[in-house]
Amino acid sequence: MPRAGHVAAFWFYLLNVFLLAWTQETPSPIRKLVQDGNQGKKTFSMTQKINPNWKPRRISTTTIYAAPFLKHKIPMPKELKTAVKEEKQAALENGTFPIHERVNGQTAVNTNGLYTFEVKIGTPVQKMNLMFDTGSGDFWVWSWLMPQTLTTGRNIYWGTNSSSSYFWQGQSYYAAYASGSSYGLVYQDTVTIDAPGGKFTVEGNPVECAQNVGGTSLPGLTGVDGMFGLNMWVNDSESPLPQQTWFNFIVPSLASPLFTSSLVRNGTGTFDFGYIDQTKYIGNIAYTPVATLASWPGSGYWMFNWTGFSFGNRQWNNTNLQVLTDSGTNLVLMPVSIAKAYYAQVKGSRQQNNGFWAFPCSSTLPTFTFGVGNARFSIKAKNMIYIDFDEGVNCLGAIQNTEEDNLIVFGTPWFEALFIVHDYGGRRIGFANRPGI
């Protein structure tokens, strides 16, 4: 069996052949990893920090529910689609995005953006608080090109103030995120991650500079300065020349071609690059091959096929289902038959008019178990709750409906329950239990 390092080198070679063929008519500007004097392959660990610019904000359940559907271009359930349409119509009529009566007037305080990672860009260094997102390949930032009304209360990247920046003529990007989108121009600049264990500096790294951010969700991410995509392939939001993700570019310099995630509910989690920290998991790591999305083979998603599931008093179901893992999504989307069967075991559960599941916070929530090969992993009650309403009586569920034939989206609430290995070299994803979870 080939070693992971050899497999990684092979896939890295294929990717570069692909990019060269795509860009043969227009040579890409120089992009290179800067050596810091430390010899050999590297490892480093990134720890989230509490975002100093974050402020709580209220958000409608329609906006929360719609986010993963819009991000991944997944067809919405009928009730949600209708609610989004009505909310947009109200926005056009009133010039704002009010809480529409269809969502029963209910809002929740969204903590999205409270925990971020620090990334440094430019010369002199400009520090940016970014969200790490395994569900995309985009690396974009709020920039000086945006209206001042959108940049208040956050750090913005000034390409014109960096002596190492370079405007990439003709290159642009468009990225759909949650209930909104971001678009703009592309600069190249020096990007540094300075963390315990290693310092990675890439010169000429593409930096997507937002000219505008639309919708309801992205502008409301107070204190968040941009997104840092960690999918495993190409960032094709850029055009006309798709680009390698930052992670994909540094893979040959890592001690092992992988990274792991250990996110913490209401706390600071970590992403470790180039190694597996054995203190962060218990038992064995169960690996399964990365699956390909039939409708988009080059998506670069960290996907897998689970080998069955059960919850509460239900028997084990051996149905194979395709699962998209995404640290940048706040919910867990399940086919409607599974979601309804789950909430049938939750006393007092109900669906709002937009289809969003809620229940009394005092209700007993069944454990949800899914299969990875022959291994089984259980998600306990605390990770089945997204957030609670302000009144403290009712909670919003982490599991929400999607159409019956859609894939499952495995979002942050379940990331916070498990240790996850994103093994680029082996083209596989691994799961293990966490101590104390």
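Some housekeeping. Residues are numbered from 1 along each chain as its sequence is written, and side-chain values use heavy atoms, with hydrogens and water left out. Since it's a predicted model, local features need pLDDT of at least 70 and side-chain atom pairs count only at pLDDT 80 or more, while totals for chains, interfaces and linings use all residues.

OK, the sheet. Strands here are DSSP runs of E, at least two residues, and helices are runs of H or I, at least four, numbered from the N terminus; two strands pair if DSSP finds at least two bridges between them.

Now look at S16, residues 258–262. Is it buried or exposed? Buried, meaning under 20% relative accessible area with a 1.4 Å probe, protein chains only: that goes for 5 of the 5 residues, so S16 is largely enclosed by the rest of the structure. In a regular strand, side chains alternate between the two faces of the sheet. Here Leu258, Thr260 and Ser262 point one way, and Phe259 and Ser261 point the other.

Who are its partners? S16 runs antiparallel to S31 (residues 418–423), with 4 bridges, and Phe259 sits opposite His422 there. S17 (residues 270–273) is also antiparallel to S16, over 4 bridges, with Thr270 as the bridge partner of Ser262. Out at S18, 5 bridges tie that strand to S32 (residues 428–433), again antiparallel, and Tyr287 faces Gly430.

Last, the largest pocket, about 540 Å³. A pocket is an open set of points on a 1 Å grid over the protein atoms alone, with protein on both sides within 12 Å along at least five of seven lines; lining residues have an atom within 4 Å of a point. The volume is the space filled by probe spheres set on the points. There are 27 lining residues, with Thr111, Tyr115, Asn330, Thr412 and Glu416 nearest the centre. They divide into 12 nonpolar, 12 polar and 3 charged. S27 gives the largest share, 3 residues.

Notes. On a 1 Å grid over the protein atoms alone, a cavity is a set of points where a 1.4 Å probe fits but cannot get out, and a pocket is an open set with protein on both sides within 12 Å along at least five of seven lines; lining residues have an atom within 4 Å of a point. Ala, Val, Leu, Ile, Met, Phe, Trp, Tyr, Cys and Pro count as nonpolar, Asp, Glu, Lys and Arg as charged, and the others, Gly among them, as polar. Buried means under 20% relative accessible area, exposed over 50%, partly exposed in between (1.4 Å probe, protein chains only).
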